[in-house]
Amino acid sequence: INAMEQAHAFPGEVYNIASGTEVVVKDAAAEIQRVCGSKAAISWGSPKTLRPGESPRWQGDITKAKRDLGWEPKTSFAEGLEKIANWFRINASFYE
C-alpha cells in the first residue's frame, strides 16, 4: 500500500513487485502443485527446446521499486503462493 501511495510521483513507470530471490521454474511448478494439492503430472521439454529469451529460472529485479518507492518484499515466494491459493479457495464462488 505504501508503494502504491508513492507511485503517483512516477507516472508511467513500471515496477517489478517480486520476492527478489531467484526461483527455478521447475521448483515453482512443484510449489504450485503442493499448495494446490495437485497430483497432475508436469511435462517438461528438454533444455535444448527453450525458445529464444526463455529462461529456466525467474528473478524479478526489484531494485527500481526499492529505490523509487522504498518497497521491500515481506512475503516469500512460497508464502505468497499459499496466500493466493487460500484467497481463491475462500472466493471460489467468484469464478463459478
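Which residue just after α2 takes a positive phi? The residue is G37, with a phi of about 70 degrees. The structure is a predicted model, in which local features need pLDDT of at least 70, side-chain atom pairs count only at pLDDT 80 or more, and totals for chains, interfaces and linings use all residues. Residues are numbered from 1 along each chain as its sequence is written, and side-chain values use heavy atoms, with hydrogens and water left out.

**Overall fold**

The protein chain has four helices and two strands, in the sequence order α-β-α-β-α-α. Helices (H or I, at least four residues) and strands (E, at least two) are DSSP runs, numbered from the N terminus. Of the 96 residues in the protein chain, 19% are buried. Here buried means under 20% relative accessible area, exposed over 50%, and partly exposed in between (1.4 Å probe, protein chains only). Among contacts between residues at least 6 apart in sequence, 75% join residues at least 24 apart, a contact being heavy atoms within 4.5 Å.

An α-helix has 3.6 residues a turn, so residues three or four places apart point the same way.

In α2, the buried residues are V25, A28, E31, Q33 and V35, and they pack against β1 (23–24), β2 (57–58) and α4. E31, in helix α2 (residues 25–36), counts as buried because its relative accessible area is 18%. Leaving aside neighbours within four places in sequence, E31 is in contact with A78 and L81. I84 of helix α4 is partly exposed, with a relative accessible area of 48%. The C-alpha atoms of I84 and V35 are 9.5 Å apart in space, while the two residues are 49 residues apart in sequence.

A65 belongs to helix α3 (residues 63–69) and is buried, at 1% relative accessibility. Not counting residues up to four places away in sequence, A65 touches Y15, N16, I17, G70 and W71. A65 and A18 are 47 residues apart along the chain, with their C-alpha atoms separated by 9.7 Å.

About 230 Å³ of space lies in the second largest pocket. On a 1 Å grid over the protein atoms alone, a pocket is an open set of points where a 1.4 Å probe fits, with protein on both sides within 12 Å along at least five of seven lines; lining residues have an atom within 4 Å of a point. Grid points are joined across faces, edges and corners, and the volume is the space filled by probe spheres set on the points. The lining comprises 13 residues, of which I17, A18, W71, K74 and T75 lie nearest the pocket centre. By class, the lining divides into seven nonpolar, four polar and two charged residues. Ala, Val, Leu, Ile, Met, Phe, Trp, Tyr, Cys and Pro count as nonpolar, Asp, Glu, Lys and Arg as charged, and the others, Gly among them, as polar.
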